[in-house]
Amino acid sequence: MPLVTLRTNPCRWSKYAGCVMCGYHLGANRRRITDEMLVAQTEDAITRLNPKVYPSLVFTSNGSFFDRAEVSDEIRPVLAKKLRDAGFQYLIMESRPEYLTPERLRALAKAFAPAGPGPLGRYPLSVSFGLESSNDFVQRYCINKGRHRADYLAAFDLLDREGYAYDCYVLLGKPFMTAREDVADAINTIRFAVDHGVDYVFVMVTNMVDYGLTSYLHERGRYRLPSLWRAVELLERLPDRYRRHVQIKGISHAPVPPRYYARTCELCTEHVKGAINFWNQTGEMEHIRSIHPCSCRQRFAEGEWSERSSQVLAERVLREYRTLADELDLDRTLVPAPRALGLTGVAA
Ligand code: SF4
Ligand SMILES: [Zn+2]
């Protein structure tokens with residue numbers, strides 16, 4: 001499915017906070033983007049993509065397609081109608097939950113599917129969310145998402161009522177967490193998402209983008225990208241009824257190419273990526289089971305996968321936040337109090 005990312009103004013959240021691993025702002029436009037520019041970008045995309053070959057399209061912006069700071073309320077339905085008139089039949093858009101309103105959803109549905117919803121009460125429209133984790137602590141302190149899982153549940157309800165489908169992104173390779181904690185959290189999040197009606201779960205394997213907190217930590221030896229074996233472990237550990245909703249992303253291309261992607265070893269990275277891509281395209285686990293057992297998997301098992309920490313996650317987060325405050329000369333009062341992290345008996 002092709003991905004069209006309009007070069008809009010940056011994600012609002014990335015301007016004053018931002019998620020720890022995000023590089024979307026690098027592809028954003030710093031000039032003020034007008035409606036006319038968005039029309040021109042859409043028309044350009046239409047000339048490049050044949051809707052007979054690609055009837056479904058991920059058509060989105062640099063953060064939230066439903067934020068009027070990126071795509072105005074007036075132009076959003078106009079762009080959707082242009083895509084429909086060109087012959088596209090299914091659209092997937094990305095958004096933070098706070099920008100969805102019944103009015104915006106209805107205006108878009110009316111423009112893209114004027115005949116109304118299909119027989120199952122659904123429009124050929126879907127919204128993807130960067131849920132990342134269903135654990136509020138992880139979402140807040142390891143990712144800095146600025147949302148809670150309750151916000152996503154409210155958005156799922158709204159989309160259900162408005163006849164939209166919805167998908168989620170789940171992060172693999174979260175900072176401060178051991179590999180086992182990271183995979184366990186991703187499994188819990190996938191279960192949460194599927195149990196709440198999500199069609200697809202896109203597991204994003206963290207890649208190394210410039211100017212993110214992950215790259216800052218990496219340069220100082222306090223974070224490293226997950227091995228691609230971690231994604232394989234995740235697939236192997238998921239029960240089939242959840243696994244079949246999962247695709248693994250972030251391993252080979254991005255609107256703004258990262259410094260580098262997660263890998264295994266020189267010998268088998270392309271082979272493992274190929275198997276994961278076959279999984280994404282077919283949903284057949286045989287492609288994962290038949291990955292050649294390279295000796296680097298043993299090194300993964302004995303290294304990254306067997307790491308344990310003597311501190312609980314909240315203690316590691318607190319330690320890292322304090323170090324960051326000192327290094328960056330930040331106001332120490334911005335560091336959450338131990339009690340706010342659920343820690344008792346730790347000096348404030
Ligand atoms: S991950 Fe999404 S919400 Fe977070 S900063 Fe990037 S674009 Fe914004
Ligand atoms: Zn290898």
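**Salt bridges and the domain contact**

Modeller: The side chains of E327 and R222 meet in a salt bridge, with N and O 2.8 Å apart. The term stands for a side-chain nitrogen of Lys or Arg within 4 Å of a carboxyl oxygen of Asp or Glu. This is a predicted model, in which local features need pLDDT of at least 70 and side-chain atom pairs pLDDT 80 or more, while totals for chains, interfaces and linings use all residues. Residues are numbered from 1 along each chain as its sequence is written, chains are lettered from A and ligands numbered from 1 in the order written, and side-chain values use heavy atoms, without hydrogens and water.

The protein is divided into domain 1 (3-291) and domain 2 (309-348), with bounds from an automatic or database domain assignment. Their centres, taken over C-alpha atoms, are 30 Å apart. The contact (heavy atoms within 4.5 Å) takes 14 residues from domain 1 and 14 residues from domain 2. About 1100 Å² is buried between the domains, and carbon and sulfur atoms give 64% of that. This area is the accessible area (1.4 Å probe) that two parts lose on being put together, summed over both. On the domain 1 side, F137, Y141 and F176 lose the most area to domain 2, together 51% of what that side buries. Three salt bridges cross this interface, and the rule counts 33 salt bridges by the same cut-off.

Another pair is E181 and R316, again with 2.8 Å from N to O. E181 lies in helix α7 (residues 179-195) and R316 in helix α14, so the pair ties together parts 135 residues apart in sequence. Helices (H or I, at least four residues) and strands (E, at least two) are DSSP runs, numbered from the N terminus. R316 is buried at 7% relative accessibility, whereas E181 is partly exposed at 26%. Buried means under 20% relative accessible area, exposed over 50%, and partly exposed in between (1.4 Å probe, protein chains only).

Other salt bridges sit within one helix. R48 pairs with D44, the closest N and O atoms being 2.8 Å apart. Because these two are four residues apart in helix α2 (residues 35-48), about one helical turn separates them. R48 is exposed at 64%, and D44 is partly exposed at 35%. D85 and K81 also meet at 2.8 Å, N to O, and they are four residues apart in helix α3 (residues 75-86). Finally, salt bridges link K174, D182, D185, R230 and E304 in a network.
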